[in-house]
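Please read them with the structure open.

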Amino acid sequence: MDMTARISSHFDDAIDAMKASSGELAGPMSIAVDMLFGAIANNGRILACGNGGSAADAQHFIAELVGRFERDRLPLAGIALNTDTSILTAVGNDYGYDSIFERQINALGQPGDVLVAISTSGNSANILRSIEAAHDREMSVIALTGKGGGKITELLHETDIHLCVPHDRTMRIQEVHILVLHALCDGIDALLLGDSL
Ligand SMILES: O=C(CO)[C@@H](O)[C@H](O)[C@H](O)[C@H](O)COP(=O)(O)O
Ligand SMILES: [Zn+2]
């Protein structure tokens, strides 16, 4: 096996995935920035969740809101729903793993808040239930998916935003998702602080 060629093919495939995603997602991402900024401006909160690598992406995104992205600014209100091991083990143990995000949204979500739901397959049951709970709480949803969007596609409302990476491999989809989340942070900062860097 030519390992160098195998590794190079990851870079080539990632470049293709990024280019295809730029064409499909830049427009809806700009609407997502407006949605997030609107929630923040109205004292709303951003809740985010995902499983596995997408859990890491959710908490990475929220850290950049509460902490900072590239420039100093006020802290922004966000909560990653996959970080509190006591909540996750208690709710998972008592109500089931599918409820771990739904239960927190029912506890915390307010009308005008935004849920950022991340699932590469679009089919993880706890993410599907998080979206239903967000709708029940009159929250808007930004869904980051891939593989055609899975069951999430059917759950979303007209007013929600679906950022579906046009790729079928989980790792490629996750690589685009982290760019998407960074671009959303950059967009929020541009609206808050001006567009210079
Ligand atoms: O990061 C990876 C694979 O790259 C894994 O940890 C992956 O996130 C997990 O298998 C998740 O459970 C997949 O869930 P989802 O993206 O389909 O909702
Ligand atoms: Zn991964």
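Predicted model: local features only at pLDDT ≥ 70, side-chain atom pairs only at ≥ 80, totals over all residues.

The points below go from the sheet to the helices, then to the ligand and a few single residues.

1. Five strands make up an open sheet, and their order is β2-β1-β3-β4-β5. The pairing is parallel. At the edges sit β2 (78–80) and β5 (161–165), each of which pairs on one side only. From one strand to the next, the twist averages 15 degrees.

2. **Strand pairings.** Two pairings can be checked in detail. β1 (residues 46–50) runs parallel to β2, and three bridges join them. Within that pairing, Leu 47 has Ile 79 of β2 as its bridge partner. β3 and β4 are also paired in the parallel sense, over five bridges. There, Ser 140 in β4 stands opposite Val 114. As background, strands of a sheet pair through backbone hydrogen bonds, either parallel or antiparallel.

3. **Strand β4.** How many residues of β4 (residues 140–146) are buried? The count is seven of seven. Ser 140, Ile 142, Leu 144 and Gly 146 point one way from the strand. Val 141, Ala 143 and Thr 145 point the other way. Both sets are buried.

4. **α1 against α7.** Helix α1 (residues 3–41) and helix α7 (residues 170–193) have axes that come within 9 Å. They cross at roughly 35 degrees. The crossing is right-handed. From α1, the contact residues include Asp 13, Ala 17, Leu 25, Met 29, Val 33 and Phe 37. From α7, they include Arg 172, Glu 175, Val 176, Leu 179, Ala 183, Gly 187 and Leu 191. By class, the residues of this contact divide into 16 nonpolar, two polar and three charged.

5. **Ligand 1.** The shell around ligand 1 includes Asn 51, Gly 52, Gly 53 and Ser 54. α2 (53–66) and α7 each supply at least two residues of the shell. The largest share, three residues, comes from α7. How does the shell divide by class? Two residues are nonpolar, 10 are polar and none is charged.

6. **Ser 124.** Is Ser 124 buried or exposed? Ser 124 is buried, because 25 other C-beta atoms lie within 10 Å. Leaving out residues up to four places away in sequence, Ser 124 touches Asn 51 and Ser 119. Asp 2 is 122 residues from Ser 124 along the chain, and their C-alpha atoms are separated by 35 Å.

7. **Cys 185.** Cys 185 is part of helix α7. This cysteine counts as buried because 21 other C-beta atoms lie within 10 Å. Beyond four places in sequence, the contacts of Cys 185 are with Glu 64 and Phe 69. Cys 185 and Glu 64 are 121 residues apart along the chain. Their C-alpha atoms are separated by 7.2 Å.

8. **Positive phi angles.** Two residues deserve a check of the backbone. Most residues other than glycine have a negative phi. Asn 43 has a positive phi of about 60 degrees. Asn 43 lies in the loop between α1 and β1. With 10 C-beta neighbours inside 10 Å, Asn 43 counts as exposed. Glu 138 also has a positive phi, near 60 degrees. Glu 138 is in the loop between α5 and β4. Glu 138 is exposed because 11 other C-beta atoms lie within 10 Å, and the cut-off for exposed is 12 or fewer.

Notes
Residues numbered from 1 in each chain as written. Chains lettered and ligands numbered in written order. Axes fitted to C-alpha atoms, helices over the stretch in contact; angles between N-to-C directions. Helix = DSSP H or I, 4+ residues; strand = E, 2+ residues; numbered from the N terminus. Left-handed = near helix turned anticlockwise from the far one by under 90°. Contact = placed C-beta atoms within 7 Å. Nonpolar A, V, L, I, M, F, W, Y, C, P; charged D, E, K, R; others polar. Near = placed C-beta within 6 Å. Buried ≥ 20, exposed ≤ 12 C-beta atoms within 10 Å, placed from the backbone. Pairing = 2+ DSSP bridges.
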